[in-house]
Amino acid sequence: MKDQNCGYCMRGELLDAFGIYICELGVSTLILFREQSHPGRCIVAYKDHVGELTDLSGEERDAFFADVARASQAIHAAFHPDKVNYGAYGDTGRHLHFHLVPKYKDGYEWGGVFEMNPGRVKLSEAEYAGMIEKIKANL
């Protein structure tokens, strides 16, 4: 099921406002977050428009977490963060997704409170493409 007002469901301009499509995973879509204060930050969005983990069967949930783990492994291999933090939000956009936020000991917000969209770092299209290639090479 799809929601016509959801960037994860419809892609196009709705998704382009905050992310860049990378690829399909088992039951999810992998998206590069445009704001890159945390280099390598991505989103893993479930394939269907569901709002909660509790909306999934055990098998669907396990497959979703396998996708989250696969994306995290690729981020670790591509960018070598000291830690990847995982955030599941959705107060306003009720589509199940996880933010995978690489953190670096000498980088932005290490040891501090996570800021959802700090708006500090936007990249060129070529830089985004390079990051996407690094991630894809490690999936």
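Select S72 to begin: is S72 buried or exposed? At 5% relative accessibility, S72 counts as buried, since buried means under 20% relative accessible area and exposed over 50%, with partly exposed in between (1.4 Å probe, protein chains only).

A quick note on what you're looking at. This is a predicted model, where local features need pLDDT of at least 70, side-chain atom pairs count only at pLDDT 80 or more, and totals for chains, interfaces and linings use all residues. Residues are numbered from 1 along each chain as its sequence is written, and side-chain values use heavy atoms, leaving out hydrogens and water.

Stay with S72, which is found in helix α3; helices here are DSSP runs of H or I with at least four residues, strands are E runs of at least two, and both are numbered from the N terminus. Now show Y86: its side chain makes a polar contact with the side chain of S72 (2.7 Å). (That's a pair of N or O atoms within 3.5 Å; within protein, one must be able to donate a hydrogen and the other to accept it, and residues adjacent in sequence count only if both atoms are side-chain atoms.)

Next, select helix α4, residues 125-137. Colour Y128, M131, I132 and I135, which are buried. Look down the axis of α4: its buried residues fall within an arc of 100°, so they line one face of the helix. The arc is that of the directions from the helix axis to the C-beta atoms. On the face turned away from the buried side of α4, find the exposed residues A126 and A137.

Methods: The expected span of a helix is 1.5 Å times one less than its number of residues.
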